[in-house]
Amino acid sequence: MPLYTTQPLKIYNSLSGEKENFNPIHEGNVGMYVCGPTVYSNVHLGNVRTFMSFDVIFRYFLHLDYKVRYVRNITDVGHIVDDVDEGEDKIAKKARLEQLEPMEVVQRYTVDFHDILKSFNFLPPSIEPTATGHIIEQIEIIKKIIDTGIGYEANGSVYFDVVKYNETNNYGVLSGRNIEDMLANTRDLDGQSDKRNPQDFALWKKAEPQHIMRWPSPWSDGFPGWHLECTAMSTKYLGNHFDIHGGGMDLKFPHHECEIAQNEACTGQSPVNYWMHANMLTLNGKKMAKSTGNNILPGEILSGENTILSKAFSASVTRFFMLQAHYRSILDFSDDAIVAAEKGYKRLMEAVDALAGISVSATSSIDIESWKQLSYDAMNDDFNTPILIAQLFEAVRYINLLKEGKETISAEDLKTFTAAINAFVFDVLGLSDDKASDSNNDKLEGVVNMLIGMRNQARADKNFALSDQIRDQLIALGIQLKDGKEGTSFSI
Ligand SMILES: [Zn+2]
């Protein structure tokens, strides 16, 4: 029986503002779309936190035996500087500043994004579509929105008429804003814009002559609006109506609000059952952002090369630090906070290692089944990783008592306990054991030193065939021996 049948899950839905029972559209299947990065600069640690929140959500669905299609896009065109419709495309601007092809910028930062996520042990999404790979789909959606009378063309650009849409729908349903307030609080159009209303947003922008990224369309040579790409890519791979749409909290308005409007205008239905928003990471109490300079690069955590850090921290410690906060809470990064997280992480890993050495008894004095269910309850309550981590520290306490012989555990319970701890720590939270890789390095060093000793003995015995064989086979494995005055050393 799949695990999801016995573990009912609740998700906080930003649309209703409440925790709701999760009922997928197709039993046993989850369709999830998450807004990916705009690839015009290196990802900062705040981005890593956002994507990590959804990585754990993805992992938990998989753990519950759901079949998941997780789509996370790459925004490689159409995201205008300052998130407004007038201005320069972020990628085109970067390309101009650095005298690169826009696709060089895209390639460089897409590779960086993937490298970083891999180093933090993220699972890759099922599909990672790019906006430039879906221009035709975006043009088709624009045509449909124009046909309904809600999209209109002006000077080669196409806009979404928010006021007209709001006559039959509710623009602001997700963010809780209402259009009258929005209209009252904006300046009049300055006459330069082609928009009918200040709140209207671009579906298609005509490219200025100097604009490098452009595609032909029925309206002009130009490029699609940012909000449109997510509508095109989510519905293409998940259908017009799917389970979950996620993203950073800052995308709720206008990006996700506009996505709902585009879908409603195009298909007559709201696209998503559960909207999920991950909260931000602050740095020493202030918002972390590329534009303000108050940010830290993920690679700097791993190398320790940032003045706010007292030393380097591993990817697993960073992950553990982030998952100690619930994804909907703001988390503040500071050196003190990650130093504390490192201590907790080490305690947890020591206990996980100690599991193998625990001896069993005829009966258990600890209730493993209720511990396990409480751990599931934590995750079933809107993916509450801090409560799960508290449960794991309860397990650490049990393990220490078992080691000291103050509690007992049966063979069957120990098997259940070990399997559950491993599943939560490694599969669901996505942590890895740094000590295991460190100790593998120690073991490798021991083995190579042993071979060096055998080679020295062979040379002393004038068995040069054997000593050469040891050296050559190590070279074939990428291990170079260096003979010096102080003996033989090696490098990998
Ligand atoms: Zn998006």
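Predicted model: local features only at pLDDT ≥ 70, side-chain atom pairs only at ≥ 80, totals over all residues.

Trainee: How many bridges join β5 to β6?

Mentor: There are 4 bridges between β5 and β6, with β6 covering residues 157–160 and the two strands running antiparallel. To pick one of the residue pairs, Glu153 has Val158 in β6 as its bridge partner.

Trainee: What do strands of a sheet pair through, in general?

Mentor: Backbone hydrogen bonds, in either a parallel or an antiparallel arrangement.

Trainee: Switching to helices. What angle do α1 and α14 pack at?

Mentor: About 140°, and their axes are 9 Å apart. Helix α1 spans residues 45–63 and helix α14 spans residues 411–428.

Trainee: What do we call that, then?

Mentor: Oblique: angles over 145 degrees would count as roughly antiparallel, and α1 and α14 are therefore oblique to each other.

Trainee: Which residues meet there?

Mentor: From α1 you have Val56, Arg59, Tyr60 and His63, and from α14 they meet Ala423, Asp427 and Val428. By class, that contact has 4 nonpolar, 1 polar and 2 charged residues.

Trainee: Now α8. Is that helix enclosed or open to the outside?

Mentor: Helix α8 is largely enclosed by the rest of the structure, because 12 of its 16 residues are buried. The buried ones include Glu257, Glu259 and Glu264, along with Ile260, Ala261 and Cys266.

Trainee: How far does α8 reach from its first C-alpha to its last?

Mentor: α8, residues 252–267, reaches 21 Å, close to the 22 Å expected at 1.5 Å a residue.

Trainee: What comes just after α8?

Mentor: Gly268, which takes a positive phi of about 80°.

Trainee: Last one, zooming out. What does the protein chain come to overall?

Mentor: Its secondary structure comes to 16 helices and 15 strands. The C-alpha atoms fill a box of roughly 90 × 60 × 40 Å along the principal axes. Of the 492 residues in the chain, 40% are buried.

Trainee: And what share of the contacts comes from residues 24 or more positions apart?

Mentor: They account for 73% of the contacts in the chain with a separation of 6 or more.

Methods:
Residues numbered from 1 in each chain as written. Axes fitted to C-alpha atoms, helices over the stretch in contact; angles between N-to-C directions. Parallel < 35°, antiparallel > 145°, perpendicular 65-115°, else oblique. Contact = placed C-beta atoms within 7 Å. Nonpolar A, V, L, I, M, F, W, Y, C, P; charged D, E, K, R; others polar. Expected span 1.5 Å × (residues − 1). Buried ≥ 20, exposed ≤ 12 C-beta atoms within 10 Å, placed from the backbone. Pairing = 2+ DSSP bridges.
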